[in-house]
Amino acid sequence: MTMREITIDHLGDIARGAAILGTGGGGDPYIGRLLASSAVRTHGPVRLVPLDEVGDDAVVLPVAMMGAPTVMVEKLPSAEQVGLAARTLATYLGKELTHIACAEAGGVNSLIPVVAAAQLGLPLVDADGMGRAFPELQMVLPTLYGIRATPMSIADEKGNRGVLDTVDNHWAERLARSATIDMGCSAMISNYAMSGAQARESLVPGTLSLCAELGARVRQARAEHADPVARVVERLGGRKLFSGKVVDVARRTVTGFARGEARLSGMDADTGSEMVLKFQNEHLVAERDGITEASVPDLICCLDRESGEAVTTEGLRYGQRVVVIAAPADPRWHTPEGIELAGPRYFGYDIDPVGVSA
């Protein structure tokens, strides 16, 4: 399913599907939907452009929210903050922007670019930089292609803004994270400005269309009294890992991230087993009875057992009945360079990546 524009009617499905691809992170989908609804209602539908139709000389600008999802729930961004980040970087670059893009697939970060595109009257590229969500800003496929994260802009809800220009993308993450913490652990950013040719080479195509399709599958399955989780697994080419009840959540906000783990007690065919989900904004490792079942860079998604809605890491609560699924990431994440950038060892887990087919 390929879309050509985003209207009010599309936003619910996009938010639902983006939360699934967000692997527990990427921000609260409800917040993203509220902001995008307001922007589209005010400025009209956003034109969606397939990645392969972006011209070589286009100027493509990703826009995203940076910070801890636990904070974003209480410290809501403003629509003006989104536009401020994009305009600040455009002014610094001295270039006329032609397209907005998504840095990642996530509940809020698939919809923040809709806000920017609506405000600025620009088309939005149907693509993103990861095909999922990751916690650190250097963890995008453009990094593997030598595309610089900086110059990047950062803005808060108080009107503070700045531009960073760093020696590499890891330093961009460190300095931007420090600034985000000082801004209250959430800020709006714009980075990885790239040409159309670079975008076509480095981005993951069709992300927003996929979000809308996943959201529609969940919605339609519920209307038909079918299994929405099975519909998601089928579309993503993944597999079900575990069905159970959340019995414990240890979560804390540290250095601008929501870090912790959740313990699940098995139900149905999984009765008698336990699964532990380890996360840093996003789910990173899933262990069943002490054995790793799946890990980054592949997607680990936690869905409500009945509704099929994604359960974010900040939304995990005792007693929830959930299904954990895994799905394959973009193949480029499984190259040696991709594993080094966002594999388990980067996050401190001394294991080799465990893929969905393992």
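User: Is Phe 347 buried or exposed?

Analyst: A residue counts as buried under 20% relative accessible area, as exposed over 50%, and as partly exposed in between (1.4 Å probe, protein chains only); Phe 347, at 13%, is therefore buried. This is a predicted model, in which local features need pLDDT of at least 70 and side-chain atom pairs pLDDT 80 or more, whereas totals for chains, interfaces and linings use all residues. Residues are numbered from 1 along each chain as its sequence is written, and side-chain values use heavy atoms, without hydrogens and water.

User: How many aromatic pairs does the structure hold?

Analyst: Rings of Phe, Tyr and Trp (its six-membered ring) pair if their centres lie within 6.5 Å, with planes under 30 degrees apart called stacked, over 60 edge-to-face and the rest tilted; the structure holds 2 such pairs. Phe 134 is buried at 3% relative accessibility, and Trp 333 is buried at 0%. Tyr 346 and Phe 347 are also edge-to-face, at 5.4 Å between centres and 85° between planes, although Tyr 346 is partly exposed at 32%.

User: Which residue lies over the face of Phe 134?

Analyst: A charge sits over a ring if NZ of Lys or CZ of Arg is within 6 Å of the ring centre and within 35 degrees of the ring normal; for Phe 134 that residue is Arg 132, at 4.0 Å from the ring centre. Elsewhere, the charged end of Arg 174 sits over the ring of Trp 171, 4.2 Å from its centre.
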